[in-house]
Amino acid sequence: MNDSKDDISDGETIATLPTKDPNKNQKLPGVVFVLGLSGMFLLSGFGGAFSSLKKRSTKLSAAHGTRDEYMIHQEGRNLALKALAWGTLYSTLGTGLLCYGTWKLSGASTFEEFRSKMKNLFSPLTTKTSSN
C-alpha cells in the first residue's frame, strides 16, 4: 500500500505518528545537572549538620566523663539526627507536593504551557527609568 496523498480516497485520513521534540535531548543534561547539584547540596548540608553535632557531642562527653552522662548525650544526638532526617523528608516532600499541585491546578501539560500560564498570571516586573 502506498501512503502518498494521490492514493487517498475521499473522506479517508491517515493517522500520523507524533514527531519527537528536538529539544527533548537538550533538556536531559540540564535535568541531570540540576538534580545532581541539588543532591550534592542536600548531602553537604546534611553531612555538615551531622559532623557539627558529632563534634559537639564528643566535646561534651569528654568534659563530663561519666558513662551515664555520655549515654544521655548519645541519646540526645540520636534524637537530633532522627529529627533532622524527618525534617528533611517533610520539607522535601512538602515542596515537591506544592510544586506538583501548582502544576496540576494550572492545567498545563507541558513546561512551556505552564511557563506561559504563569507569565500571564503574574505581571512582569518593570523598571522605572528616572528622567532628569
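Predicted model: local features only at pLDDT ≥ 70, side-chain atom pairs only at ≥ 80, totals over all residues.

Student: Let's start with Ser-106: is it buried or exposed?

Tutor: Look for Ser-106 in helix H2, which covers residues 67-106. Its relative accessible area is 16%. Anything under 20% counts as buried, so Ser-106 is buried.

Student: Which residues is Ser-106 in contact with, leaving aside its neighbours within four places in sequence?

Tutor: Ser-106 sits among the H2 residues that meet helix H3, along with Thr-102 and Trp-103. On the H3 side of that meeting are Phe-111, Phe-114, Lys-117 and Met-118. For Ser-106 itself, the partners are Phe-114, Lys-117 and Met-118.

Student: How are H2 and H3 set relative to each other, roughly parallel or roughly perpendicular?

Tutor: H3 spans residues 111-121, and its axis comes within 10 Å of the axis of H2. The two axes cross at roughly 85°. Angles from 65 to 115 degrees count as roughly perpendicular, so H2 and H3 are roughly perpendicular.

Student: Which helix gives the largest share of the lining of the largest pocket?

Tutor: That pocket has a volume of about 210 Å³, and its lining includes Val-31, Leu-42 and Thr-88. Helix H1 (24-64) and H2 each supply at least two lining residues. The largest share, 5 residues, comes from H1.

Technical notes
Residues numbered from 1 in each chain as written. Heavy atoms only, no water. Helix = DSSP H or I, 4+ residues; strand = E, 2+ residues; numbered from the N terminus. Buried < 20%, exposed > 50% of the residue type's maximum accessible area, 1.4 Å probe, protein only. Contact = heavy atoms within 4.5 Å. Axes fitted to C-alpha atoms, helices over the stretch in contact; angles between N-to-C directions. Parallel < 35°, antiparallel > 145°, perpendicular 65-115°, else oblique. 1 Å grid on protein atoms, 1.4 Å probe; cavity = no way out; pocket = protein on both sides within 12 Å on 5 of 7 lines; lining within 4 Å. Points joined across faces, edges and corners; volume = space filled by probe spheres on them.
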